[in-house]
Each structure stands twice: as C-alpha cells, then as structure tokens.
Amino acid sequence: MAILSLQNVSKSFGALKVTDDVRFELAEGEALGIIGPNGAGKSTLFNLIAGNLRPDEGVITLSGRDVTGESPMQRCASGVGRSFQIPQPFGHLSVYENLLVAARFGGGVSGHDAPALCMDILRRTGLAESAAKPAGSLSLLSRKRLELARAMATRPRVILLDEIAGGLTDGECVELVATIRGIHGEGIAIIWIEHVLHALTSVVERLMVLNFGKMLMIGAPDEVMASPEVKEIYLGIEV
Ligand SMILES: Nc1ncnc2c1ncn2[C@@H]1O[C@H](COP(=O)(O)OP(=O)(O)OP(=O)(O)O)[C@@H](O)[C@H]1O
C-alpha cells in the first residue's frame, strides 16, 4: 500500500488555481523529487500534504487513512515530518534541546525515550559534535542539518524537504546529500522540492514536474529531464 496518496487534489487562491488536479502515490520508503518554475505551486503542495492548507477538492491519505481534514499537528503525529526552506530553530536553545522539543511536542515521544532518540538522530544527521551549541550559532550547513534532524525527531514515515540544499557550497551540498541518502536508506519516504538538480537526482527514484499547479510529468529522473517539454518549461531551453 502507498504510504501517501493524493487523489484529484486542487487548491485555488481567489481566481488563481495553484494546485490543479494533482494525483500521485508515494510508495513506502520511496524518494520523490519535485521541480518546477517559481510560482508553480510546489510549496503550496507541501502545505496541503502537511495540513497547513486544506484542499478545495480531493483526498489525501496516509497508509490508506483519509487525513484530508487533519491539522498540521495531527499530520505530524500521523507521520508527516517537514523541513522548511528558511531554518527557524529556537536560536537560544542548544541543538539537542531543539531536537527534544521536536520529539516531545511534534513526535509525542515520552520523556523517558526522547533523550536516546535525540542522541541517535544527532549522530545520524552529523550533528553529534554540535549538540551543546546554541542553534543560533550554527553555520548554514549545520542549520540545514538541524532542520533535517528536527523533522526526524518527530519520527516521520514521510519527510518533506523544502529546498534544503539552497545556498550551500558544492562541497557542503555533497555532505548534506550523503546524510539525506543515509536517511533514505533507513526506509523513510522522502518528498524533496529542490532547485539544485544534481543533488536531487542523485537521491530520488522519481521526479515530478509541476507547472502552473499541474503535474506536467512524473517518472524516472533521466526520462523526465530528457523530455523536450520539461527542458523548455523548466530549464528555459528552446527545443
Ligand atoms: N496564501 C496565499 N495567498 C494567495 N496566493 C498565494 C498564497 N500562497 C501562494 N500563493 C501564490 O500561489 C502561487 C504558487 O506559490 P508557491 O509558493 O506554491 O510556488 P512555488 O512553486 O513553491 O514557488 P517558489 O519556487 O518560488 O518557492 C504563486 O503565484 C503564489 O503567489
């Protein structure tokens, strides 16, 4: 059974249809990339999946259960973890404390289990040596790692990554991709919106292209990127 399914999901802001009849299924443990021009509706789609927005039409299910009416907190408890484009940790709290907050309040982890879980996530996301540092003092790469770690601390079954590689140097990007690959290798499903294409296509098994809220194409990254329509619309290359 699919871990996540969107059936005929649409959303408008006034007269602007920002999500137009989107339908796809995400398999257990699958990594799906989403690309598209600015304003194509990528972040809106994440807001619909995470429960920050309600669709005007359509149904969203998690492991077959209809979650369309659930709040962001309920979706988080149901297994949807999320990283944001602009990291906003609690800057005065330590990295470890940030994870504790996510685990306790986002993931509903007990006070007894949370410390071990957070220590494990610090290790898996390459943050172990920064555990005691104030989150506000971290480098951009470490802030991105913390964004990932906070999402992991909610014990997600599917994790939404929103342009997490943006702003990193090539070397930092390689490091972050290795961490994301590791998490994917543990069987956590991923949906990743990203403009840094080489990072994205080195992880995902399928790629979706959004344009004016519609799914233009979904398939193997090579096939999608080779499509003349995708090259013209997304890369601006006339073919
Ligand atoms: N709350 C809102 N109210 C009105 N219009 C909105 C709202 N949120 C998004 N939009 C509009 O919906 C369209 C899609 O926005 P969205 O942020 O989902 O695109 P995107 O593909 O994520 O873009 P980017 O790559 O620039 O982040 C844009 O035209 C945007 O201005």
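Q: Which residue of E2 is the bridge partner of Phe-13?
A: In this predicted model, strands E1 and E2 pair in the antiparallel sense over seven bridges. They form a hairpin with two residues between them, and Gly-14 in the turn has a positive phi of about 60°. The bridge partner of Phe-13 in E2 is Leu-16.

Q: Which residues surround the ligand?
A: By class, the shell around the ligand has three nonpolar, six polar and one charged residues. The largest share of this shell, three residues, comes from helix H1, residues 42–50. The ligand is surrounded by Phe-13, Val-18, Gly-36, Asn-38, Gly-39, Ala-40, Gly-41, Lys-42, Ser-43 and Thr-44.

Q: In E4, which residue is the bridge partner of Ser-10?
A: Strand E1 (residues 4–13) and strand E4 (residues 57–62) pair in the antiparallel sense over five bridges. Along this pairing, Ser-5 stands opposite Thr-61, and Gln-7 stands opposite Val-59. For Ser-10, the bridge partner in E4 is Glu-57.

Q: Which residue takes a positive phi in the hairpin of E4 and E5?
A: E4 and E5 pair in the antiparallel sense over two bridges. Leu-62 has Arg-65 of E5 as its bridge partner. The hairpin has two residues between the strands, and the residue with a positive phi, near 45°, is Ser-63.

Q: Is Asp-21 buried, partly exposed or exposed?
A: Most residues other than glycine have a negative phi. Asp-21, which lies in strand E2 (residues 16–26), has a positive phi of about 55° although it is not a glycine. Because 15 C-beta neighbours lie inside 10 Å, Asp-21 counts as partly exposed.

Q: Where is Glu-163 found?
A: Glu-163 is a residue other than glycine with a positive phi, near 50°. With 18 C-beta neighbours inside 10 Å, Glu-163 counts as partly exposed. Glu-163 is found in the loop between strand E7 (158–162) and helix H6 (170–185).

Q: Which helix supplies the largest share of the side of domain 1 that touches domain 2?
A: The protein chain is divided into domain 1 (1–79 + 156–239) and domain 2 (87–155). The contact takes 13 residues from domain 1 and 15 residues from domain 2. Helix H2 (72–78) and H6 each supply at least two residues of the side of domain 1 that touches domain 2. The largest share of that side, six residues, comes from H6.

Q: How many nonpolar, polar and charged residues has the side of domain 1 that touches domain 2?
A: Taken over C-alpha atoms, the centres of domain 1 and domain 2 are separated by 24 Å. The contact itself takes 13 residues from domain 1 and 15 residues from domain 2. By class, the side of domain 1 that touches domain 2 has eight nonpolar, three polar and two charged residues.

Q: Leaving aside its neighbours within four places in sequence, which residues is Ala-149 in contact with?
A: With neighbours within four places in sequence left aside, the contacts of Ala-149 are Leu-99, Ile-121, Leu-122, Thr-125 and Leu-127.

Q: What distance separates the C-alpha atoms of Gln-88 and Thr-201?
A: Gln-88 lies in the loop between strand E6 (80–83) and helix H3 (95–106). Gln-88 is exposed, because 11 other C-beta atoms lie within 10 Å. Gln-88 and Thr-201 are 113 residues apart along the chain, and their C-alpha atoms are separated by 26 Å.

Key:
Residues are numbered from 1 along each chain as its sequence is written. This is a predicted model: local features need pLDDT of at least 70, side-chain atom pairs count only at pLDDT 80 or more; totals for chains, interfaces and linings use all residues. A residue is near a molecule or strand if its C-beta atom, placed from the backbone, lies within 6 Å of it. Helices (H or I, at least four residues) and strands (E, at least two) are DSSP runs, numbered from the N terminus. Ala, Val, Leu, Ile, Met, Phe, Trp, Tyr, Cys and Pro count as nonpolar, Asp, Glu, Lys and Arg as charged, and the others, Gly among them, as polar. Two residues are in contact if their C-beta atoms, placed from the backbone, lie within 7 Å. A residue is buried if 20 or more other C-beta atoms lie within 10 Å of its own, exposed if 12 or fewer, and partly exposed in between; C-beta atoms are placed from the backbone. Two strands pair if DSSP finds at least two bridges between them. Domain bounds come from an automatic or database domain assignment.
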